[in-house]
Amino acid sequence: MNEPFSGIDVTTLLQIDSSARFGRSGHDRHGSHTRRMTDHFVRHWLARAPQTEVLVRDVAATPPRPVDDRWIEAAFTPADHRTAEMAAILRESDQLVDELERADLIVVGAPMYNFGVPSPLKAWIDNVVRVGRTFGFDRGRPGAPYWPLLAPGKKLIVLSARGDGGYGAGGPLEAANLVDASIRVPLAYVGVTDFRSIAAEWDEFADARVRESLKSAEADIEGLVTQLAPSRPRVDPQLILAQAIHADP
Ligand SMILES: Cc1cc2nc3c(=O)[nH]c(=O)nc-3n(C[C@H](O)[C@H](O)[C@H](O)COP(=O)(O)O)c2cc1C
C-alpha cells in the first residue's frame with residue numbers, strides 16, 4: 001500500500017540496513033541491493049537537503065538483543081521501579097527508541113528472507129515497539145486499550161529486494177510478501193503511519209530482469225526524494241515578499 005506523501009521538513013533521517021551482505025551491489029562483489037538502495041536514497045537526499053542529520057543503524061553488523069524473558073520483565077516494570085539490572089537490560093532498546101524518536105524520516109533496507117524480514121530487523125522492531133515508551137497500554141481505557149506514543153508526522157520508507165519476482169501489488173506472489181506488512185503494521189502501531197515501499201526483484205535470476213528492476217527502483221527512489229526533500233534551503237515567503245516590495249523598480 002503506497003500512500004502519496006507530501007513535502008516534509010526533515011531534520012533527521014534514520015537509515016537502517018539489515019542485509020547480511022555487507023557491500024553494495026554495483027559497487028562491491030556480491031554486494032547487497034538493499035544497501036545500494038538505501039545509499040542511493042541518502043545520497044540523493046543529501047544532495048537536495050545537505051543540512052539533514054543522518055543516523056545510520058546497521059542491524060546486521062550489530063544485531064539488537066532479541067527479546068527474552070528478562071527483557072519482557074524489565075520492559076513491563078514501571079521505569080521508577082526498575083532495578084539497575086533491568087535498566088541495563090533495556091539500555092540498547094532505549095538507544096534504538098531514542099534514534100527513532102529523533103528521526104523525521106526512517107529509511108529501512110529490508111531484504112526478503114523466507115518471505116519476511118531478516119531476524120536482526122525483527123529484533124530491532126521488537127526493541128522499539130515497547131510498552132510505556134512507544135505505545136501506551138491501559139486495559140481500563142474506554143475504546144482501544146493501546147495508543148501510539150511517538151510524535152506524529154514521521155515517514156517510513158521501506159527499500160526491499162527479493163530473489164524472485166511478482167511480490168508487488170497485483171502480482172502472483174503478493175500474498176507471500178510478508179516484508180512490507182511486518183514493518184508497516186508495528187510502526188503504524190507506535191505512530192508512524194505514513195508509509196512507502198520500493199522494491200527490486202529477480203536477484204536470484206541474475207539476468208536482465210534484475211538489472212531493469214534495479215534501474216526502475218532507483219528511478220522511483222529519485223522521484224520520491226524529489227517529491228519529499230526541499231530542493232534548496234527553505235526561504236521565508238514573508239522575506240521574499242518584503243524583498244520584492246523593497247526592490248528598486
Ligand atoms: C536466507 C535467504 C532467504 C531468502 N528468501 C527469499 C524468499 O523467500 N523469497 C525471495 O524471493 N527471495 C529470497 N531470498 C533472496 C533475497 O531476497 C535476495 O537475494 C535479495 O536481493 C537480498 O537482499 P540484499 O541484496 O540486500 O542482500 C533469500 C535470500 C536469503 C539469503
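These legends walk through close-up views of a predicted model. Local features rest on pLDDT of at least 70 and side-chain atom pairs on pLDDT 80 or more, while totals for chains, interfaces and linings use all residues. Residues are numbered from 1 along each chain as its sequence is written, and side-chain values use heavy atoms, with hydrogens and water left out.

View 1. Let's look at the polar contacts (pairs of N or O atoms within 3.5 Å). The side chain of R21 places an N or O atom 2.6 Å from a ligand oxygen. For S32, a polar side-chain atom lies 2.7 Å from an oxygen atom of the ligand, and for Y167 the corresponding value is 3.0 Å.

**View 2. Helix α1 beside helix α7.** Helices here are DSSP runs (H or I, at least four residues), numbered from the N terminus. For α1 (residues 33–48) and α7 (residues 208–228), the axes come within 9 Å and cross at roughly 30°. The two are therefore roughly parallel (an angle under 35 degrees). Contact (heavy atoms within 4.5 Å) involves several residues of α1, including H33, M37, F41 and W45, and several of α7, among them V210, L214, I221 and L228. By class, the contact residues of α1 with α7 are 10 nonpolar (Ala, Val, Leu, Ile, Met, Phe, Trp, Tyr, Cys and Pro), 4 charged (Asp, Glu, Lys and Arg) and 4 polar (the others, Gly among them).

**View 3. Helix α4 across helix α5.** Helix α4 (residues 91–102) packs on α5 (residues 119–128) at an angle of about 85°, with the axes 8 Å apart. That is why α4 and α5 count as roughly perpendicular (65 to 115 degrees). From α4, S93, L96, V97 and L100 meet W124, N127 and V128 of α5. The contact of α4 with α5 has 5 nonpolar, 2 polar and no charged residues.

**View 4. Helix α5 alongside helix α6.** The angle between α5 and α6 (residues 179–189) is about 10°, and their axes are 10 Å apart. This makes α5 roughly parallel to α6. L121, W124, I125 and V128 of α5 make the contact with S182, I183, P186 and L187 of α6. The contact of α5 with α6 comprises 7 nonpolar, 1 polar and no charged residues.

Definitions and conventions
Axes are lines fitted to C-alpha atoms, for helices over the stretch in contact, and angles run from 0 to 180 degrees between N-to-C directions. Angles under 35 degrees count as roughly parallel, over 145 as roughly antiparallel, 65 to 115 as roughly perpendicular and the rest as oblique. A polar contact is a pair of N or O atoms within 3.5 Å; within protein, one must be able to donate a hydrogen and the other to accept it, and residues adjacent in sequence count only if both atoms are side-chain atoms.
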